[in-house]
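Open the model in your viewer and keep the selection panel at hand. The tour goes from stop to stop.

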Amino acid sequence: MKAILYLIRKEIKNAVIDLLHHPARLILYLFLAAMLGLSLLNGTEREVREPGSYPDIGILHGVYFAILFLITVPSVLSGLKSGATFFRMSDVNFLFVSPISPKKILAYGLVKQMASSIFMMIFLMFYAGMAINLFGITVWQMVALVAGIALIVFTIQLITLLVYSYSSGRPERTGWIKTVLYAEIGMMVAFTLSNFWFHGANQQSLFAALASPYLEFAPVIGWIKGMVFAIMNGDTVRAAVFAALNAAVVAGSVLLFAKSNSDYYEDVLQTTESTFELKQAVKDGKTAGVRGMNTQPRRVTDTGIWHGWGASVFFFKHIREMKRKNRIPFLRGTSIVLLAINVILAFVLRAISGGARDDGMPSGLILVIALSMSSYIQFFFNAAGDWTLELMKPYIYLVPEKPFAKLFWASLTTLLTPVVDGVIIFAVLGVMLRANPVTALVCMLLYASMGFIYTAGNVLSQRIFGQLVNKGLLMFAYMLMLIVLLLPGAGISLALYLLVENIPLTLLGLPVFISNVLVSIGIFAACRNMLSSAEMNS
Amino acid sequence: MLEVLDLTKKYRNTLANDHLNFRVDPGEIAVMIGPNGAGKSTAIKCIAGLLRFNGNIAVCGYPNKTVEAKRNFGYIPEIPAPIETLTVYEHLEFIARAYKVEDWKDKARTLLERMELDDKRKKLGKELSKGMQQKLSICCALLPEPKVVLMDEPLIGLDPHAIKELKTMLTELREKGCAVLVSTHMLDSVRDFWDKALIMMDGKIAAVRTRAEIESTGEDLEQLFFSITEGAQTGGDAR
């Protein structure tokens with residue numbers, strides 16, 4: 001145990017020293033801490049509005065339940081396949097082979113996992129100000145909400161570990177665990193739908209179902225939600241009951257795992273190795289590594305690129321790669337997922353705002369909400385675009401062609417992908433909502449232009465910050481840069497809104513589209529020689 | 001011909017390459033030898049145009065980052081990085097199209113046969129073992145028939161047949177008048193074919209010897225190498 005305590009002590013000490021040796025990172029953390037403080041301060045000093053002026057607290061129940069649900073279910077399902085881990089490769093290489101008892105090593109892993117859950121909680125607090133202002137809750141209630149999320153992350157990791165250990169290599173056990181999991185999900189869905197059946201499919205009955213105390217009896221997800229909202233409401237008895245239930249699950253899982261399986265190294269080894277590779281890929285900015293691990297290309301039936309000569313071969317190579325991953329180029333799995341999310345969103349917004357009646361939410365507004373959400377999601381998809389991945393291989397630097405030609409052809413699929421996605425999403429939504437075709441068209445243009453600006457921002461950040469070693473800082477700089485790049489269009493639209501009375505919503509989008517396109521062209525022109533001065537990320 | 005003048009590369013506070021000067025003539029195989037961390041890979045990456053640097057590097061008389069220079073050199077990286085979703089054949093097609101290599105199919109077939117990859121034509125990059133990835137890198141680098149070849153630890157991960165074949169290829173390249181620069185930390189692996197040895201230590205070229213010099217003076221390259229890298233005074237001069 002002495003060795004482990006020494007390890008923990010040294011790890012903490014060296015992390016602090018390392019931080020002091022990297023002033024940029026230290027400044028970033030201090031900046032984030034100041035932002036967090038401001039956000040909380042803003043929350044505590046808010047003006048107290050009339051109770052009725054806040055949105056239904058049921059929305060908070062629903063969103064929170066959905067967050068817990070989305071953390072839990074995929075994690076347990078993936079745990080059935082590949083297990084979970086809270087160990088690092090260095091633990092495998094040094095601790096697992098050492099003469100330290102596996103149980104002590106397990107305890108060490110648990111403590112570290114708890115610490116990382118608490119750390120994650122700090123980052124979630126950035127949403128505190130928004131939630132406090134929106135729902136009129138206190139800072140401490142917000143802390144309870146975030147602590148609940150950290151708790152479920154910790155608990156689920158433990159359960160996943162146990163589940164994998166119990167079911168690994170035993171299909172019948174995997175089967176029944178899946179049955180239990182699906183049964184719990186089924187019961188929760190059935191309960192919500194039954195509320196629709198008895199009280200009508202509307203906003204109120206949805207919120208009533210999600211805020212219902214019955215749902216809180218669902219194991220783990222319900223218990224943690226119940227505990228958090230009981231704490232928020234000052235119901236100590238209820239909070240204690242749910243806390244005890246969860247503590248029993250945690251303690252039981254640890255005991256079962258440690259007792260039944262002291263030889264757990266093999267169970268965590270594969271996942272530790274995959275996690276290590278994944279982290280290494282992310283650390284190096286190699287999203288290709290991440291993508292490679294998660295996607296299975298189609299079986300090779302034919303081989304050949306067939307088109308392209310010189311720099312243009314990068315574009316046709318990307319098309320060949322797309323065809324290998326999906327039958328139709330540009331129509332990726334993520335496009336379908338994005339479309340499905342938007343269709344569900346439109347359906348839900350329409351349903352809870354009173355259907356297609358006149359007093360329901362206007363189709364134009366639903367399209368705008370879908371556009372905002374899709375643009376936000378696109379930010380993450382774009383970060384792993386073909387263009388970014390090309391920078392990780394040497395060919396883009398080695399091929400004897402003009403840097404601008406290579407830059408253009410290598411980023412063309414990344415630029416065209418949001419155009420295709422935008423056309424599909426907003427054509428489907430437009431027809432589904434019977435929206436004004438002009439509004440749908442403007443949404444398509446805006447969505448595509450957001451893709452252009454993301455790609456251009458990426459090119460610019462590579463040009464300016466290409467040498468920055470810390471990928472976290474690079475991402476932070478990239479996001480700040482995007483805000484600046486989006487400002488001209490947003491500023492003109494805001495000015496038009498303030499200056500011109502009754503201006504149609506669709507017209508307000510056009511300056512953003514034009515500005516995004518012009519800014520993107522400007523950046524590509526200004527960074528045309530970027531590849532001459534870039535350094536390969538390796 | 002490859003000419004490196006005053007090449008300096010600094011990473012934050014680390015001077016990875018400190019004013020390197022050397023040249024590799026047509027028909028010459030130069031080996032850059034040195035312990036781990038001596039700055040060999042950094043130098044090769046700078047020459048390949050993958051890193052920024054201070055100084056001048058010319059490939060066949062052209063600055064190394066120009067299109068003309070890139071057309072004239074081939075690069076075999078230390079860590080092979082195939083494109084996960086392209087087949088072996090498509091890698092070669094991609095290189096042929098990118099470098100505008102006419103009549104490439106016969107050349108590609110010959111290279112694949114020599115590297116025993118001809119039966120792996122339809123294998124995806126991600127399905128290849130490390131050794132096969134390295135063989136593919138070699139094929140890709142040699143397909144455009146470059147006048148300068150840069151190899152960063154090229155023998156690591158190769159099977160005995162591929163090592164033998166690569167050594168034969170290197171001597172063939174020399175006979176064709178190609179300038180070859182090979183970086184390695186394994187002296188034994190290049191013993192048979194080097195013409196010029198650049199011994200690197202702490203980012204500097206600590207000594208330069210040609211095979212003719214070594215043979216005429218009776219100096220032992222291995223002894224010289226260890227005396228430099230292990231700190232003894234030998235009088236090894238950089239030329």
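Start where the two chains meet in this predicted model. Select the contacts between them: 29 residues of chain B touch 29 residues of chain A. Now colour the chain B side by element. Helix H2 (67-72) and helix H3 (88-98) of chain B each supply at least two residues to it. H3(B) gives the most, with six residues. Colour again by residue class. That side of chain B holds 14 nonpolar, three polar and 12 charged residues.

Before going on, check the scores. The model has ipTM 0.76 and pTM 0.69. Chain B has a mean pLDDT of 89, and 96% of its residues reach 70 or more. Then select residues 232-239 of chain B. There pLDDT stays under 50, and the model has 16 contacts beyond four places in sequence for this stretch. Where pLDDT is low, the predicted coordinates should not be read in detail.

Next, the sheet of chain B. Show the strands in the order E6-E7-E8-E3-E9-E10 (chain B): these six form an open sheet with mixed pairing. Which strands stand at the edges? They are E6 (73-76) and E10 of chain B; each has a single partner strand, so one side of each is left without a neighbour in the sheet. From one strand to the next, the twist averages 15 degrees.

E6(B) runs parallel to strand E7 (residues 148-152) of chain B, and four bridges join them. Pick Tyr75(B): its bridge partner in E7(B) is Leu150(B). H6 touches strand E3 (29-33), E7 and strand E8 (179-184) of chain B, and its direction makes about 145 degrees with that of E8(B).

Strands E9 (residues 196-201) and E10 (residues 204-210) of chain B run antiparallel, joined by six bridges. Lys196(B) stands opposite Thr210(B) in E10(B). Two residues lie between the strands of this hairpin, where Asp202(B) takes a positive phi near 50 degrees.

Last stop: helix H10 (residues 221-232) of chain A. Buried or exposed? 12 of the 12 residues of H10(A) are buried, including Trp223(A), Lys225(A) and Phe229(A). Just after H10(A), click Gly234(A), which takes a positive phi of about 75 degrees.

Key. Residues are numbered from 1 along each chain as its sequence is written. Chains are lettered from A and ligands numbered from 1 in the order in which they are written. This is a predicted model: local features need pLDDT of at least 70, side-chain atom pairs count only at pLDDT 80 or more; totals for chains, interfaces and linings use all residues. Two residues are in contact if their C-beta atoms, placed from the backbone, lie within 7 Å. Ala, Val, Leu, Ile, Met, Phe, Trp, Tyr, Cys and Pro count as nonpolar, Asp, Glu, Lys and Arg as charged, and the others, Gly among them, as polar. A residue is buried if 20 or more other C-beta atoms lie within 10 Å of its own, exposed if 12 or fewer, and partly exposed in between; C-beta atoms are placed from the backbone. pLDDT is the predictor's confidence in each residue, from 0 to 100. Two strands pair if DSSP finds at least two bridges between them. Axes are lines fitted to C-alpha atoms, for helices over the stretch in contact, and angles run from 0 to 180 degrees between N-to-C directions.
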